[in-house]
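Please read the following note beside the sequence and the model.

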Amino acid sequence: MNHSDTKQGIGAAVKRNEDERLLNGQGTYLADLEIPGTLEAAFIRSPVAHARLGAVKVPSEYSHHVFLAADLDFAHPIVAATDDPQFQSTKQFALAKDKVRFVGEMIAVCIAPTRAQAEDIAQSCELELDELPALWDMDVATAPDAPLIHEHWRDNVYLKTDVSLGDLERARKDATISLSKSLSMGRHGAVPLECRGVLAHRDRRLNELTVYSSTQFPHVLRTCISRAIDLPESQVRVIAPDVGGGFGAKGNFSPEELTIAALAMKLDQPIRWIEDRRENLIASPHAREHRYDVTVHANNDGLILGLEAMIRVDAGAYSVWPWTAAMEAGMVVGILPGPYHVPAYAAKSQSICTNKTPMGPYRGVGRTGACFAMDVMIDALARELHLDPADVRLLNLIKPEDMPYQSITGKQYDSGDYPEAARQALAAIDIDAIRSRQATGEKDDRLIGFGMSCYTEQTAHGTAEWVSRGLPVVFGYEPALARLTPDGKLILHVGIQNHGQGLETTLAQVANEELGIAVADVVVRHGDSSVSPYGMGTFGSRSMTMAGGAVSVACGQLADKVKRIGAHLLQTTADAVTLSDGRVHTETASVALNEVAEAATLHPERLPEGEEPGLDISAVYEPKRSTGAFSYATHACVMAVDPGTGEMEILDYVVVHDCGRMVNPMIVEAQVVGGVAQGLGTALYEEIPYDNNGQPLSSTFLDYMIPGCAEVPDVRMLHIETPSPHTKYGIKGLGEGGAISPPAAVVNALNDALKSLGADITQTPVTPLRVLEAIESGAVSPL
Amino acid sequence: MKQSVSLTVNGRPVETTVESRLSLADFLRLELRLTATHLGCEHGVCGACTVLIDGEPARSCIALTVSLGGAQITTLEGLADDPAMQIIKQAFHDKHGLQCGFCTPGMLISTRDLLKRTPKPSADAVREGLSGNLCRCTGYQGIVRAVLKAAEDLAAA
């Protein structure tokens, strides 16, 4: 590819290093790997939601091709619990033992030279299942007489929490309005375009189990596999090859990974499983199914005095490692007040166990639901008080002079100007023009509405945050090993995993900033537990902040050494030289990086006295404060609705975004737009409903819709850059943010459009049918 | 049941005997090791597996190899020297039209076909024209910009 940019450091819109192989079809994903002798796996998965598992009848000719729980009894089950003593934990075995608890749970694994043959074998087996009542919904699972999904539990709730902060009694008393609503989000999937996959084989020479997985966290997965099958970590290597999107769904320790690793070890045989789309929709971790009962207490100006919420999350049948089944609800409780000043707050939460696919992390995690609940309430409050929702928001947004701000739940919002983002969004979308257009009416009789949503997003969570959650792992830091090769090029070995975020480019930009080396001369090696120091992987909008910080520290130290050696070669002192364009410069002379590198590696006799040979520097980075760097944004949109058909169209969509210092604005914009597209999926299209037998009703792309090219609008974007005081360069994370606000912004716009009909949409995804139902119930009992 | 079939893949004649159920995608990927063709859904919706069959874009995941006797198959690998494809790839690079890269080969092949049929498409026509190729990463904005730029660059070439 042709690179033409000259400035390449922090802030430059450098084109990506990783594009060339991907554009030439040379990306190598899990299914593209070639390990000689690999057998392909197909799982027999439970066809029912809840049953006692009897015998699995395997035709005798396949007895050496089919493996059951008993064959893998040496593998420890996956247990993900918080340190809260009230948390009721699950044991998820590699393959189901005695009982199945959701449609899609793995019962057996069949292996054959091709996946088609493995599926034939799976088809030939018979299952004995003694069905139990399916607890297919949160209300069903928490009914007083509900049977227990995990027999030793008190009830079907992983964890209940209850907090009360500030003077809520006074808020209730002082309020002139106390508005209550029930809101809900549909269940859906993360749906990366490349499904999950695992290939494990034992390297006999190294006596090492090599596990290729389409994972977001190779080192952490190595730890999991080593513990689960009692191998020393030195005998396990995890490699994530090219990964075709993750969005959270590949940042877990899955039973599929455990099964394939354990079976490859047991049989001393390379085995691969490639998830198909049906498995992906029914058995990859699910997301988003939250229900809220919220009350907001306010005065007549719309000033919020207090907030009360009951949050229920359908966490599915097992607790996903390491996040636990309480993650969603816990995050919602912590961030529900969002960017608004809330002086009194009470929240109860329940993370409920049902006979459904386990819920795991998905872009935005609890924040999308929290933002939806809070921002839909603010619009409802404004409607009730006959105020403009924009005014109510501006009244309640935390002011820049209050930064840093400690929220009522103890979150440390580090920096930013939240009202400015809202004002810029209102100006960009031209709110006055929308209001007058609404007053005029549309020629085609459609109704149009305006909606906005503001969020603040904790990113790059550090040690303090993870400790407070009581998880099995504290993801507080990130390493980098910077290695200058004798020819003067740089290899960065990092513990994160790049699956679309552009980190092979942006980390090189950090190296350019510190070392003056061209981005094209930097190779970023990631996704392999054997090539970098122990790292935590890519999730939680952390990699640019954390790994970027580590690369900066390592390259900074490397730069010092390069300057010392370069100065010696130029017969001057280190403080008299600078680094740029791949050279060490004095005012009159220069020496190239390869000459410096050659001296440090191949010709130590050329080094200054006392200088150690070698140009490998390893560094670890933690932000100065570990309470997170808070990105924020306002999303504003205009929707048109046909009240006769319920059909909707997005007429305009604006994002005003602040992720601190931008390393690469081109990549920032694309990450935000990609997030918005997924958020619009949550808002309008994506849902995996279950029937009352616990059967998932959308298991193909014919009935599960992800937004296509014609569904996503051209997003207009404006940036504010408020550096975080806690992080290197002031970077804040941004990977997830785009997906947080769209459901709230869209629902607010629809409710604004349908105001005259008294319709009140409270549920995502908003389908045309749900619009018509809202119109109908609005007409029956107008507000 | 196995059947023999003769077809042309990227200009090279191929004679083979395959299971009648073997999809073209699996044949290309497993037998010929042409792995630029990706499988995103295996039921003909996502478009990641798009290849050219006799010059027309088609879903290789739902095309059966044995039904393609005499057909000319072209994958992304076979378009490495195609001048139009080189311009399209450069435009995808310049306009950040890809993130994880998994949908990209199918997206490039559909783009080439779209621009052949509609050399100067509007943004809406691009969105309509690529609506059979799903991307989960980009939100399509970079892709649309890339296709519009490719159209300009092809016109200038």
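1. Chain A holds 19 helices and 31 strands; these are DSSP runs numbered from the N terminus, with H or I over at least four residues for helices and E over at least two for strands. The model is predicted, so local features need pLDDT of at least 70 and side-chain atom pairs count only at pLDDT 80 or more, while totals for chains, interfaces and linings use all residues. Residues are numbered from 1 along each chain as its sequence is written, and chains are lettered from A and ligands numbered from 1 in the order in which they are written.

2. The C-alpha trace of chain A spans about 90 × 75 × 50 Å along its principal axes. Of the 783 residues in chain A, 59% are buried, that is, 20 or more other C-beta atoms, placed from the backbone, lie within 10 Å of their own.

3. Among contacts in chain A between residues at least 6 apart in sequence, 79% join residues at least 24 apart; a contact requires C-beta atoms, placed from the backbone, within 7 Å.

4. An automatic or database assignment sets the domain bounds: domain 1 (19–27 + 477–621), domain 2 (33–132 + 194–244 + 250–283) and domain 3 (380–463 + 626–780) of chain A. The C-alpha centres of domain 1 and domain 3 of chain A are 39 Å apart. In their contact, 15 residues of domain 1 of chain A meet 17 residues of domain 3 of chain A. On the domain 1 side, helix 15 of chain A gives the most, with six residues.

5. The axes of helix 15 and helix 16 (residues 593–601) of chain A come within 10 Å and cross at roughly 95°, the axes being lines fitted to C-alpha atoms over the stretch in contact, with angles from 0 to 180 degrees between N-to-C directions.

6. Between the chains, 40 residues from chain B and 40 residues from chain A take part in the contact. Helix 2 of chain B supplies the largest share of the chain B side, five residues.

How values were computed:
Two residues are in contact if their C-beta atoms, placed from the backbone, lie within 7 Å. A residue is buried if 20 or more other C-beta atoms lie within 10 Å of its own, exposed if 12 or fewer, and partly exposed in between; C-beta atoms are placed from the backbone.
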